[in-house]
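These are my notebook entries on one model, kept in the order in which I looked things up.

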Amino acid sequence: MARTWESLAPQRGALTRLHSADAGVWSERLRFDRERASRHQSSELAAITEAVQERARSAGAAAIVLSGSTARGRRTSVSDLDYHVIGISSLWVADLPEDIDLYADNLDRFWAKLRDGDDFAHWSVWYGCVLFDSGVIREAASYVAEHDAWPDPERKLQQAQRALDFAEQMAASGDYDAALEQVRGVLSLTARWLLLSHDAFPLARDELPGQLEQLGHVDLARSLRRSIRERPSIDELRKGVAHAREISEAKQSPSRRAAA
């Protein structure tokens with residue numbers, strides 16, 4: 001298993017091998033994050049990220065993380081710019097160009113999410129590009145490593161199940177663009193639940209199909225990949241939702257089965 005931030009394996013336990021509490025190891029993480037933030041952003045995107053950083057610092061943020069597909073270098077035509085700002089409860093970015101998806105958590109809420117198994121909080125710690133950190137992300141990485149903390153698969157399953165009804169309604173509505181967006185979302189949620197329940201850390205959305213294929217979920221992988229990269233027919237979207245519902249209702253995560 002890899003022992004560097006550059007090749008952190010998306011597997012439970014991988015973070016425990018990096019000794020993130022060590023100053024040298026953490027400095028290597030920050031160097032790596034600066035390099036990939038530069039490599040994975042165009043000049044236009046980098047200017048937006050700089051503006052978000054300036055606003056967050058001015059507002060008293062404790063940490064700023066570039067997240068999602070941009071951090072992973074896997075942007076697609078449907079990608080947003082994703083940020084996680086920690087230490088403040090909100091940040092105004094609506095006037096900036098591009099589609100921005102920004103999550104702002106004060107310190108108590110961030111730590112509560114991390115301990116409760118929120119996968120987005122964990123994503124920031126595992127794979128986010130740390131743009132600025134007063135120490136909270138480093139402390140969180142140490143916490144995850146020391147406790148083998150892991151996102152809760154049941155939270156993701158519940159999110160997927162709640163989204164299924166609406167995705168089905170959109171697929172039947174005749175509004176193709178809305179249907180495509182909702183189906184893409186519910187397939188992504190289903191994929192993340194499946195991966196987490198098998199101790200695999202979900203990466204960027206465009207990487208999920210490949211991860212699903214490694215688990216043997218070829219049909220779900222195909223439906224998700226087409227919803228990201230193509231414009232499948234409305235009938236294909238309906239079939240994708242039906243398959244996601246079948247999987248979510250027929251299977252429980254290993255942790256849930258063990259508790260039953």
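At what angle do helix α8 and helix α9 pack, and how far apart are their axes? Before answering I note that this is a predicted model, in which local features need pLDDT of at least 70 and side-chain atom pairs count only at pLDDT 80 or more, while totals for chains, interfaces and linings use all residues. Residues are numbered from 1 along each chain as its sequence is written, and side-chain values use heavy atoms, with hydrogens and water left out.

**Entry: α8 and α9**

I found that α8 (residues 176-197) and α9 (residues 208-215) pack at about 45 degrees, with their axes 10 Å apart. The axes are lines fitted to C-alpha atoms, for helices over the stretch in contact, and the angles run from 0 to 180 degrees between N-to-C directions; helices (H or I, at least four residues) and strands (E, at least two) are DSSP runs, numbered from the N terminus. The pair α8 and α9 is therefore oblique, given that under 35 degrees counts as roughly parallel, over 145 as roughly antiparallel, 65 to 115 as roughly perpendicular and the rest as oblique. I looked up the residues in contact (heavy atoms within 4.5 Å): Ser-188, Ala-191, Arg-192, Leu-194 and Leu-195 of α8 meet Leu-208, Gln-211, Leu-212 and Leu-215 of α9. These residues comprise six nonpolar, two polar and one charged, where Ala, Val, Leu, Ile, Met, Phe, Trp, Tyr, Cys and Pro count as nonpolar, Asp, Glu, Lys and Arg as charged, and the others, Gly among them, as polar.

**Entry: Asp-206**

In the loop between α8 and α9 I located Asp-206. Asp-206 counts as buried at 12% relative accessibility; buried means under 20% relative accessible area, exposed over 50%, and partly exposed in between, with a 1.4 Å probe and protein chains only. The side chains of Asp-206 and Arg-229 are joined by a polar contact of 3.1 Å, a term for a pair of N or O atoms within 3.5 Å of which, within protein, one must be able to donate a hydrogen and the other to accept it, residues adjacent in sequence counting only if both atoms are side-chain atoms. Leaving aside neighbours within four places in sequence, I also list Arg-74, Thr-76 and Ile-228 among the contacts of Asp-206.

**Entry: α7 and α11**

Next I took α7 (residues 153-173) and α11 (residues 234-250), which pack at about 155 degrees with axes 10 Å apart, and are therefore roughly antiparallel to each other. Among the residues of α7 that meet α11 I noted Leu-157, Leu-164 and Glu-168, and on the α11 side Ile-234, Arg-238 and Val-241 are included. The residues of this contact divide into eight nonpolar, two polar and four charged.

How many residues of α5 are buried? Eight of its eight are, so I recorded the helix as mostly covered. Ser-124 is in α5 (residues 119-126), and its relative accessible area is 0%. Outside four places in sequence, Ser-124 is in contact with Arg-29, Val-65 and His-84.

**Entry: Ala-62**

Last I checked Ala-62, in the loop between α2 (43-58) and β1 (63-67), which is buried at 11% relative accessible area. Not counting residues up to four places away in sequence, Ala-62 touches Ile-86, Gly-87, Leu-107, Phe-132, Asp-133, Ser-134 and Val-136.
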